[in-house]
Amino acid sequence: MGGDAVTFMAGATTLSDFAGAIGIRAQESAIVAELKAGSEDAYAWLIGEFHQPIYSLVYRIVSDPTDAADTTQEVFLKVFRGMKHFHGESSLKTWIYRIAVHEASNRRRWWFRHKAKETSIEPAQDEREMGGSGLGDTLVDGCESPFDNVVHEEVRARVEEELRQIPEPYRTSVILRDLEDMSYEEIAEITQVSLGTVKSRLTRGREALRRRLTAYVMENGRQLGLRLPEAASEEPETGCVVSAIEVAR
């Protein structure tokens with residue numbers, strides 16, 4: 001049973017909910033069967049459905065657009081070659097993301113060994129094309145953001161920059177949950193650790209990112225339209241940092 005269907009059914013409360021979950025499972029099984037049969041239409045669907053999200057995920061791990069493009073291509077080559085070994089123990093999406101995280105992590109380790117001292121001349125990837133999902137759960141703040149497009153891009157770039165400084169495995173955990181909007185169960189399957197470990201890594205990763213963003217938010221918060229502490233003795237408002245992080249959606 002695919003992970004998406006399991007998640008759907010776990011929250012199902014009506015007959016129509018269960019019918020929808022069964023429909024998701026049946027649809028995925030049909031697609032997988034076509035992929036295993038070598039259907040060009042099925043592979044075209046797979047590329048259209050997953051290429052941009054996978055590139056976004058890989059880019060946030062490897063931090064270089066050229067490496068991200070090469071790694072994304074390698075991910076899909078492995079998906080095509082390995083499709084015959086996919087037996088539905090997890091959802092198709094979870095399986096592909098597991099391959100992507102593995103390949104991106106390997107590329108990042110290789111980069112630090114061989115390319116860390118090189119200076120890239122590649123232009124920065126336009127973050128608006130990355131299509132990342134929004135931050136959710138404990139990072140969500142109800143405040144309305146008054147940013148115009150220019151400010152959004154400035155803040156988004158800063159959040160992405162600080163995220164790159166978060167050490168692994170906390171960084172990937174935050175990316176998968178708060179930017180890719182994956183469930184705890186999916187992250188556990190992708191990273192092959194327990195739910196408790198996933199939650200622990202998320203807590204530490206989010207706290208590390210909050211610490212890195214606090215100074216920037218406190219310095220620039222007023223002109224960015226963020227709510228700041230009223231008294232100097234107050235602790236920095238987590239909500240201010242959250243508002244800034246949410247711009248990275």
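**Figure 1. Where helix α3 meets helix α7 in this predicted model.** Here you can follow L57, R60 and I61 of α3 as they meet R171, T172, I175, L176 and L179 of α7. By class, this contact has five nonpolar residues, one polar residue and two charged ones. Helix α3 covers residues 40–62 and helix α7 covers residues 170–179. The two pack at an angle of about 150 degrees, and their axes are 10 Å apart. That angle makes α3 roughly antiparallel to α7, because values over 145 degrees count as such. The crossing of α3 and α7 is right-handed.

Figure 2. As background, most peptide bonds are trans.

**Figure 3. Three residues with positive phi: S63, D181 and Q192.** A word of context before you look: most residues other than glycine have a negative phi. S63, in the loop between α3 and α4, is not a glycine, yet its phi is positive, at about 70 degrees. With a relative accessible area of 24%, S63 is partly exposed. D181 sits in the loop between α7 and α8, and its phi, near 60 degrees, is again a positive value in a residue other than glycine. D181 counts as partly exposed because its relative accessibility is 48%. Just after α8 comes Q192, with a positive phi of about 60 degrees.

**Figure 4. T71, a buried threonine in helix α4.** Zoom in on helix α4 (residues 65–82) and you will find T71 there. Its relative accessibility is 2%, so T71 counts as buried. What does T71 touch, once its neighbours within four places in sequence are left aside? Its contacts are V58, E103, A104 and R107.

**Figure 5. Helix α8 and its buried residues.** Helix α8 takes in residues 184–191. Which of its residues are buried? They are E186, I187, A188 and I190.

**Figure 6. E89 and E189, two glutamates 100 residues apart along the chain.** E89 is in the loop between α4 and α5 (92–114). Is E89 buried or exposed? At 62% relative accessibility, E89 counts as exposed, because the cut-off for that class is over 50%. Although E89 and E189 are 100 residues apart in sequence, their C-alpha atoms are separated by 9.9 Å.

**Figure 7. Stretches of the model with pLDDT under 50.** Across the protein, pLDDT averages 74, and 61% of the residues score at least 70. Residues 1–19 stay under 50, and the model gives them 27 contacts beyond four places in sequence. Over residues 119–148 the pLDDT is also below 50, and this stretch has 67 contacts in the model beyond near neighbours in sequence.

Note on methods:
Residues are numbered from 1 along each chain as its sequence is written. This is a predicted model: local features need pLDDT of at least 70, side-chain atom pairs count only at pLDDT 80 or more; totals for chains, interfaces and linings use all residues. Side-chain values use heavy atoms; hydrogens and water are left out. Buried means under 20% relative accessible area, exposed over 50%, partly exposed in between (1.4 Å probe, protein chains only). Helices (H or I, at least four residues) and strands (E, at least two) are DSSP runs, numbered from the N terminus. Axes are lines fitted to C-alpha atoms, for helices over the stretch in contact, and angles run from 0 to 180 degrees between N-to-C directions. Angles under 35 degrees count as roughly parallel, over 145 as roughly antiparallel, 65 to 115 as roughly perpendicular and the rest as oblique. A crossing is left-handed if the near helix is turned anticlockwise from the far one by less than a right angle, and right-handed if clockwise. Contact means heavy atoms within 4.5 Å. Ala, Val, Leu, Ile, Met, Phe, Trp, Tyr, Cys and Pro count as nonpolar, Asp, Glu, Lys and Arg as charged, and the others, Gly among them, as polar. pLDDT is the predictor's confidence in each residue, from 0 to 100.
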